[in-house]
Amino acid sequence: QVPLVESGGGVVQAGGSLRFSCAASGRRFMTYTMGWFRQRPGKDREFVARIGRGLNITSYADSVRGRFTISRDVARNTLYLQMNSLKPEDTAVYFCAADTMSNGLGYNYWGQGTRVTVSS
């Protein structure tokens, strides 16, 4: 089991910034591929950002590239999502996820989600 606990949600004005944290348990955090997803109102859950294991190569959805930054602190077993220049369309519940198996089956652990509301 790899419990994931997100924090950092809230209400922010458009143009503002916010940082999410996702605390993970387990001693192999650096070997997990980690991701952030979001579910906007009335929409399906969508990919936001990913950080690979080992070399920590990152990738982003087009909608957030250049505004959001995913990172991890191995010493703290924590994943982050720094969000800048927030837009109302970024309003969503954000989830962190872990792929601990690297077997091609995708993320096998999910957090409970944290909500951000971006007001215009």
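How many disulfides does a search of the whole structure find? Keep that in mind for Exercise 2; a few ground rules come first.

This is a predicted model, in which local features need pLDDT of at least 70, side-chain atom pairs count only at pLDDT 80 or more, and totals for chains, interfaces and linings use all residues. Residues are numbered from 1 along each chain as its sequence is written, and side-chain values use heavy atoms, leaving out hydrogens and water.

**Exercise 1. Describe the overall build of the protein.**

Step 1. Start with the secondary structure: the protein has 0 helices and 11 strands. Here helices (H or I, at least four residues) and strands (E, at least two) are DSSP runs, numbered from the N terminus. Read along the sequence, the pattern is β-β-β-β-β-β-β-β-β-β-β.

Step 2. Along the principal axes, the C-alpha trace spans about 40 × 30 × 25 Å.

Step 3. Look at cover and surface. Of the 120 residues, 43% count as buried (under 20% relative accessible area, with exposed over 50% and partly exposed in between; 1.4 Å probe, protein chains only). The protein exposes about 6400 Å², and carbon and sulfur atoms supply 49% of that area. These areas come from the Shrake-Rupley method with a 1.4 Å probe; for residues, only the protein chains shown count as cover.

**Exercise 2. Find the disulfide and say what the link ties together.**

Step 1. The search finds 1 disulfide, defined as a pair of cysteine sulfur atoms within 2.5 Å.

Step 2. Its ends are Cys22 and Cys96, with an S to S distance of 2.0 Å. The link is right-handed, with 55 degrees about the S-S bond.

Step 3. Cys22 sits in strand E3 (residues 18-24) and Cys96 in strand E9 (residues 92-99), so the pair ties together parts that are 74 residues apart in sequence. Both Cys22 and Cys96 are buried.

**Exercise 3. Work out the order of the open sheet and which strands stand at its edges.**

Step 1. The sheet has 4 strands in the order E1-E3-E8-E7, with antiparallel pairing. Two strands pair if DSSP finds at least two bridges between them.

Step 2. E1 (4-7) and E7 (68-73) each have a single partner strand, so one side of each is left without a neighbour in the sheet. From one strand to the next, the twist averages 15 degrees.

Step 3. Asp73 stands opposite Thr78 in E8.

**Exercise 4. Which residues form the covered face of strand E11, and which strands pair with E11?**

Step 1. In a regular strand the side chains alternate between the two faces of the sheet. In E11 (residues 114-119), the covered face holds Thr114, Val116 and Val118, and the uncovered one Arg115, Thr117 and Ser119.

Step 2. E2 (residues 10-13) runs parallel to E11, joined by 4 bridges, with Val11 partnered by Thr117. E9 pairs with E11 in the antiparallel sense over 3 bridges, and Ala92 is partnered by Val116.

Step 3. Finish with a contact of Val118: Leu86 touches this residue. Leu86 is in the loop between E8 and E9 and is buried, with a relative accessible area of 2%.

Technical notes
Axes are lines fitted to C-alpha atoms, for helices over the stretch in contact, and angles run from 0 to 180 degrees between N-to-C directions. Contact means heavy atoms within 4.5 Å. Lists of a residue's contacts leave out its neighbours within four places in sequence.
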